[in-house]
Amino acid sequence: MDWFLFFLLLQMGRIGASQQEEVCSKSVVNSCDDCIKSGPFCVWCKQLDFTKPGEQEAVRCDTKAQLTGRGCTEGEIISPQNDQTIDKGESLSESFNNQEPIQLSPQKISLRLRSGSPNTFKVSFKRVEGYPVDLYYLMDLSYSMKDDLENVKELGKDLFAALKKITEHAQIGFGAFVDKTVLPYTNTNKEKLLKPCDENDQQCQAAFGYRHVLSMTPKEDDFKNKVTEQFISGNLDPPEGSLDAMMQAAICGDKIGWRNSSTRLIVLTTDAGFHMAGDGKLAGILEPNDEHCHMDNNLYTNSAEMDYPSVGQLAVQLEKNNIQPIFAVTQNVEDVYKELSQMIPKSEVGVLSTDSKNVVKLIESAYNRLSSKVTLTHDNLPDNVQVIYTPKCKHPGPSGETEGVCENVQVGQEISFDVTVTAYSCMKDKSFTIRPQGIKDTLTVTISTNCECQCSDPGPSGHTHCRGKGNVSCGICSCRDGSIGQFCECDVGGKDKPALRASCQRHNGTECEGRGDCVCGRCECHTTEGGNSYYGDFCECDDEHCEKFQNKLCGGNGNCKCGKCECFKSHEGSACQCGVSEEGCRTPNNTVCYGRGTCKCNRCECKEGYQQPRCQTCLGCTDPCQTKLNCIECLGFESGPFKKNCSEACVSIHHVMVDQSTIQSKKCHQKDSEGCWINFNLDQLVGEDNYKAEILKQRDCPAPPSIAAIIGGSIASVALIGIVLLMLIKLLIYMKDLKEFKKFENEKKNSKWAKLDNPLFNSATTTIENPTFTGE
């Protein structure tokens, strides 16, 4: 019984989840096209009599179950479905027969999808028996690999024997690398460049970055002869130019000799780490790797001018050219290359013995791991497209959005993947490619979406449903010029259509608030979701969208009117959530909020400036000591600006003249209009401007000034100033005379007359001579 109950509950949960998924979330729907774009479960009813007069056309858009329940017949429902067409679906090849084999099917597929609706198709794969293999042996020829090179020279026979087990169509190529021939990677001394090895080692070739030695060949002797000609070289630092060599081997396909239909392998053997992008700065090489082939006479010519490639660049080119690397490395760098392998799809790492004798077994086991693992993935997807892979095989990996994986797949074994594609926006003829990693075969997927309704409407002549003044479009009337309305029933007349529509807009907003139709310049309101009607001149009101409390409209304690709650007498609040009570607003003197606020929901809502909880104090108000000073002066001492109308201007103050104050709440010390200091205390009563004042009888007034002292002081000051001025003038005259006298004294000292000859003296005697007198 318990198991039966559990099973029943499980089925009910599944049914509930299924119903919950089929939801049409509508936003703004004015046409069938808008409906189809709203969601994968939205369908449209084009039935002519489906909507009632004044009912919004958006009700035509809903889930199929909802529309059927409202009376829309099956044949009147518009619901675009997913469709797929296999444009090219050649069957899988059984074996390789020197022709282009087919390992992936289909090859081209076109999808016409409903936006948001997933579509699944099957992709089959079978590894062809005897499929060709191209193996490029890329060897580190730095000095530490001297013993390994000797063993590799004898590997040709064993390598070919191992490949023959896999296929009869095998080829082998050979390349070698060391590092860039610049400091600090290589000794640039002329003699060291020509012979970078130990002085006692006679068989040593000049330093180089990467050299292509042997293009792909099916001949064992060619491989042996070319490798035998190779000698060790050398460099300075431990890391090598491995990535440089792999990049050129991947992109220089015509020089390497990669075949179009083959499994392409690069076997990298080394005992050291690798340089990567950015390391070239140590040698002043700033130009980034351009991912192009730069080979001349089988030598990488841009080694000293171009930086090392990044791991990302290398991974892209290996995947683009369907090359699968096998890293045959010594144990000391195993961890480094395992991390590198995680960043390069379809790659394997094997540990070399110290003299590389186990390299053939290593290659064989790595190839088996690579070939038995089938990974289906894609290139760049169009925007808003999702792909999910579900593998169908004996050893499947988990479903995923980036790839699908099948493990332990044998040669000739057919497997498949369910590929689910979902487009979340409208698009036309967008394509992407699906491919197995390391395999040339591809599947091109072209996506278009169904975002338009095909309604098969009647001809262009006036339709009776539209009063003969318009045409039917997916069940909706499209009116001709001069007519408007749901059924084109309104003639525009002398007004233009924009003017009529403007009269249905409130504050230049949405027409009829989006809740009705503008018919002949007036709003005809729609019905609400609850079956009632919107109302108001602009359909702005309804009685279903008021504030809720405890999930009840107006808390169940009032009625909703035009979006606002009208509470019963026993309740109040925006959602009628509070019982009418003033208990929480009562003050110690039995007032409500001290008369400076209103009690709502048993809580004081204070006037501006007054503080909760009881509105007793006002932090933002002007100091009453200053505002009430004139009233205190006229009430207590019959003086000041309010002297003549004191009883009228100061009604809000109840005063008492005292010798000693008893009020402690507000103490004031102010100067009145006569210059006297008044001491008074204030206590605010109930209300905003209502005070009790205690005024001290005695004012503190300063003594009047002495008139005689002021007059005497003024006369003395004037006399003193006059005497000072006279003395100053006398001093200036004296200084001037003294200066003139000193000047005279200086001139006197500088005169050069004789002691008895005064140039200023004139004799009193005058001598006159007669020119005619001869003295006789």
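The paragraphs below take up a helix, an arginine and a set of disulfides.

The model is predicted: local features need pLDDT of at least 70, side-chain atom pairs count only at pLDDT 80 or more, and totals for chains, interfaces and linings use all residues. Residues are numbered from 1 along each chain as its sequence is written, and side-chain values use heavy atoms, with hydrogens and water left out.

Helices (H or I, at least four residues) and strands (E, at least two) are DSSP runs numbered from the N terminus. Buried means under 20% relative accessible area, exposed over 50%, and partly exposed in between (1.4 Å probe, protein chains only). Helix α5, residues 156-166, has G156, L159, F160, A162 and L163 buried. Seen down the axis of α5, these buried residues fall within an arc of 160°, so they line one face of the helix; the arc is taken from the directions from the helix axis to the C-beta atoms. K157 and K165, on the other side of α5, are exposed. The buried residues of α5 pack against β8 (133-140), α4 (146-152), β9 (170-177), β10 (210-217), α7 (220-228) and α12 (359-372), where contact means heavy atoms within 4.5 Å.

R60 sits in the loop between β1 (43-45) and β2 (61-62). R60 counts as buried because its relative accessibility is 0%. Leaving aside neighbours within four places in sequence, R60 is in contact with residues including W44, F50, L67 and I476. The side chain of R60 also reaches the backbone oxygen of G475 at 3.0 Å.

A disulfide is a covalent bond between the sulfur atoms of two cysteines. Here a disulfide is taken as a pair of cysteine sulfur atoms within 2.5 Å, and by this rule the count comes to 24. In one of them, C197 is joined to C204 with S to S 1.9 Å. The torsion about the S-S bond of C197 and C204 is about 75°, so this disulfide is right-handed. C197 and C204 are both buried.

Another disulfide joins C426 to C451, S to S 1.9 Å, and is left-handed with -105° about the S-S bond. This pair links distant parts of the chain, 25 residues apart: C426 lies in the loop between β19 (414-423) and β20 (430-436), and C451 in the loop between β21 (443-450) and β22 (470-473). C426 is partly exposed because its relative accessible area is 40%, whereas C451, at 8%, counts as buried.

How values were computed. A polar contact is a pair of N or O atoms within 3.5 Å; within protein, one must be able to donate a hydrogen and the other to accept it, and residues adjacent in sequence count only if both atoms are side-chain atoms.
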